[in-house]
Amino acid sequence: MAITSANQLELLQTAEAVAREKMIDPVLVVEAMEESLARAAKSRYGSEMDIRVKIDRKTGRAQFTRVRTVVEDDELENYQAELTVEQARQYMAEPKVGDTYVEEVPPVELGRIAAQSAKQVILQKVREAERDRQYEEFKDRAGTIINGVVKREEYGNVIVDVGAGEAILRRNEKIGREAYRPGDRIRCYVKDVRREARGPQIFLSRTAPEFMAELFKMEVPEIYDGIIEIKAVARDPGSRAKIGVISYDGSIDPVGACVGMRGSRVQAVVNELQGEKIDIIPWNEDLPTFLVNALQPAEVSKVVLDEDAERIEVVVPDEQLSLAIGRRGQNVRLASQLTGLDIDIMTEEEESQRRQKEFEERTKLFMDTLDLDEFFAQLLVSEGFTTLEEVAYVDQDELLVIDGVDEDTANELQARATDVLEAQAREALARARELGAEDSLIEFEGLTPQMVEALAKDGIKTLEDFATCADWELAGGWTTVDGQRHKDEGLLEPFEVSLDEAQTMVMTARVLLGWVDPTELEEDDGEDDEVDGEETEETEA
């Protein structure tokens, strides 16, 4: 096929037709044609030549040109696409390195194979342009709700026509046993939009918590206007959900606004989610209070929060236990997701038994170690003493408030406690030495003999070994795997060493060994202080 005047305008007409069909810029199609013609011309004139094609946007005339670049004499590698300054002088008045010499070459005849190759180049470019258009259109729609029409189902995954492209609703993102037929209308949450080699991938979801939040935003004007905010959502898709809301206008009840007149607003969301029951809960900055609300309809007697471990103990009346846990643990699981805390639920009877057990264990500890009778040991526990250290090192006035304890008795109690602690320390030190603990570790400030023994049992016997430890290895911590939080036991956790204390000890050991320059640590601390100060100023401002 030759590029003649008969088919010059046909090129532009074809480009416009393709652009309209694919909804892309006609310029992109023309550029693809230029590239395909240039590739065909290279196969005719030689692949080493720099052949370029320019199609006139008005007449459709294709102009074929050969481009050669001026280079230094010693850099000439491809004489078909380059020429030296000396060679360029016969074509140009004052050639300089980097200049280009352009000359027109005759149009080429496109054989069957060349025409097919040109067609493939055009199709590939059009596909790429179409993918870019789809990605640009949908990338900003991630996090919103989209309406579409079901096209087909593949291995449980639903392919949805969303207008300018296709999206996928995976099997695990469908609610329960939802089934769709081609032509069904569907409403989904755009969970993610990714640019991939085979085109933009649009991933939909009907189980995401954000889907419910967006549905409420559509149904409740106060949420859309920002008067009410959804602070947390937890879902068991298709079955039950809990949503925490807060109002920034004291005259508007957030729960009532979300429920609507006779439940009209929440019912619209329930219908879209296949009858999923929704508990709307008032948000509270105080976590224990919020948790009590989240466990509704169960009543809570007492809440004990451990912020460091991000755990919370909830005590409920015996008859409320099954209600608090819910069917298959659903109620407590959703409350845990909503608050971000691990929840331990126990009855009042179980808590009473646990407290009694702890009381008996501490009583026995004081009876055995301090040679006290049961009544006196119980007095100590009742006053809040839990360990020998507390008895030995507490201010004596705190012992004197106990009935029957005078100054001499207090001195005797503290002397006995101190003797026992010193004996335990000597025994722990001896065991640590037997395990191979070296003086560099034993003499390190901040480590007790019991701590050294615990470290030695785990193979940490020198200061060098200690300095290689991570703070969480010593103090313990929590790791989240697949949405489940797992406890990492720390070597010094039984001794109540905090994460900050562990970090300080490890860094001190590294400084003593010369691994870390102490001045660098001081600079880092100073920078941290400056940042804290800036944040404070911004807050005050």
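These questions and answers cover a predicted model of one chain, above all strands 10, 11 and 12 and the helices on them.

Residues are numbered from 1 along each chain as its sequence is written. In this predicted model, local features need pLDDT of at least 70, side-chain atom pairs count only at pLDDT 80 or more, totals for chains, interfaces and linings use all residues, and side-chain values use heavy atoms, with hydrogens and water left out.

Reader: How many helices and strands are in the chain?
Author: Both are DSSP runs, numbered from the N terminus: helices are H or I with at least four residues, strands are E with at least two. The chain holds 22 helices and 17 strands.

Reader: What share of the 541 residues is buried?
Author: Buried means under 20% relative accessible area, exposed over 50%, and partly exposed in between, with a 1.4 Å probe and protein chains only. Of the 541 residues, the buried share is 38%.

Reader: In what order do the three strands of the open sheet stand?
Author: Strands pair if DSSP finds at least two bridges between them. Strand 10 (residues 228-236) and strand 11 (residues 240-247) run antiparallel, joined by eight bridges. Strand 11 and strand 12 are parallel, with six bridges. The pairing is mixed, and the order is 10-11-12.

Reader: Which are the edge strands?
Author: An edge strand here pairs on one side only. That holds for strand 10 and strand 12 (277-282).

Reader: Which residue takes a positive phi in the hairpin of strand 10 and strand 11?
Author: Three residues lie between these strands. A phi near 85° belongs to G238.

Reader: What angle does helix 5 make with strand 10?
Author: Axes are lines fitted to C-alpha atoms, for helices over the stretch in contact, and angles run from 0 to 180 degrees between N-to-C directions. Helix 5 packs on the sheet and touches strand 10, strand 11 and strand 12. Helix 11 (residues 330-339) also lies across these strands, at about 140° to strand 10. For helix 5, the angle with strand 10 is about 140°.

Reader: Why is K217 classed as partly exposed?
Author: K217 is in helix 5 (residues 209-219). Leaving out residues up to four places away in sequence, K217 touches I223 and Y224 (contact: heavy atoms within 4.5 Å). K217 counts as partly exposed because its relative accessible area is 33%.
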